[in-house]
Amino acid sequence: SQASFEEDSQKQPAVGHWKPLMPSKGSKEEPETGCQGARGVDETQSTEQLNVSRLRSSSVEIREKGSEFLKEELHKAQKELKLKDKECERLSKVREQLEQELEELTASLFEEAHKMVREANTKQAASEKQLREARGKIDMLQAEVTALKTLVITSTPSSPNRELHPQLQSPSKAVFRKGHGRNKSTSSAMVSAASQNVTPEPVSRECKEVDSILFAEFQAWKESPSLDKSCSFLDRIYREDVGPCLDFTKQELSELVRVAVEQNTLTIEPVASQTLPVVKVSSEECGGPKKCALSGLPRTCKHRIMLGDSGNYYYISPSCRARITAVCNFFTYIRYIQQGLVRQDVELMYWEVMRLRREMSLAKLGFYPSEM
């Protein structure tokens, strides 16, 4: 349409020529000139109208073509938008799927972690229970070892402890032990005759009465038993029994013996049954088979002691052994009470403690069994 408009504009001068409307001076042909001017004006107006119509038609064509072009572009854009919408929808579905898988994975990981924690807590609880049971068994075994050690200390085949072996204290056996110089092949008649010649000794019954102060101190200690010397019960026994019983002439060695007895690290051995090398210190300090290391007196020593794992042996007399054994028996019994191994009435435990205190007092005064 633009090309046709240009062609029309190029052909326009062939329609007519422009002439001046006003006659020049000195012109004589005025009427003819006026007619020609009116005709030129009409032609010009018609030409302009023709040009305007052509322009309108060309603009309409341009508008129609432009609208068609825009419609095509709009259609293409709509198609692209639809494709992009589909792509966005697909991507959103993929994202939702990934988020769901991530949530499931996170939940499974947390569940697995909680499961592992529960299993670890269960195993830890089981291990702690086994540890407590093992410790209880160890405590029981230690108590049994201590009891056996006490039996070894206080009773040997050569010199059994009659307090730990009541069967040795029966009157009939005591009579036969005193007169066992006879041969085993002796007839029963002779034995019966000998037994008839023995005058029976009157049986004396011992009367006992509980001391209220001592019993109250023991009850207070029994509520929470310990080996702390600050409590009134043990403080009294240390002052009245343990201290005097372990107070020997050799003060330095006496202190070492007291500490070893308290810590349960003292060992008493018969001399004849030991072949280990003796004496890492001087013979004067350790004594010897004929000299007591605690009292410093010349005595026949059938036993020797070792303090802890030092390896030093000290020969002791029967009297010193009786004093040490009495104290060891007392500490062993109160350790049993502390560990809950003694299941008796409080009064019976009290009288057993009093009996052990009496043994310490008698040993301090110099009384001891002949088999010591």
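**A strand between two partners**

Modeller: Arg-304 has Tyr-315 in S3 as its bridge partner. The model is predicted, with local features needing pLDDT of at least 70, side-chain atom pairs pLDDT 80 or more, and totals for chains, interfaces and linings using all residues. Residues are numbered from 1 along each chain as its sequence is written, and side-chain values use heavy atoms, without hydrogens or water.

Strand S2 spans residues 303–307 (strands are DSSP E runs of at least two residues, helices H or I runs of at least four, numbered from the N terminus). S2 runs antiparallel to S3, residues 313–316, with 4 bridges (pairing needs at least two DSSP bridges). S2 is also antiparallel to S1, residues 266–270, through 5 bridges. There, Ile-305 partners Ile-268.

S2 is mostly covered, with 5 of its 5 residues buried (under 20% relative accessible area, 1.4 Å probe, protein chains only; exposed is over 50%, partly exposed in between). His-303, Ile-305 and Leu-307 point one way. Arg-304 and Met-306 point the other way. In the S2–S3 hairpin, 5 residues lie between the strands. Gly-308 has a positive phi near 65 degrees.

Now the helix. H6 (residues 232–245) packs against H5 (residues 212–223) at about 125 degrees, with axes 8 Å apart. Among the residues in that contact are Phe-218 and Trp-221 of H5 and Phe-233 and Leu-234 of H6 (heavy atoms within 4.5 Å). H6 also packs against H10 (residues 346–365), at about 30 degrees, with axes 8 Å apart. Here Phe-233, Arg-236 and Ile-237 are among the H6 residues that meet H10. Val-353, Arg-357 and Met-360 are among those on the H10 side.

Technical notes
Axes are lines fitted to C-alpha atoms, for helices over the stretch in contact, and angles run from 0 to 180 degrees between N-to-C directions.
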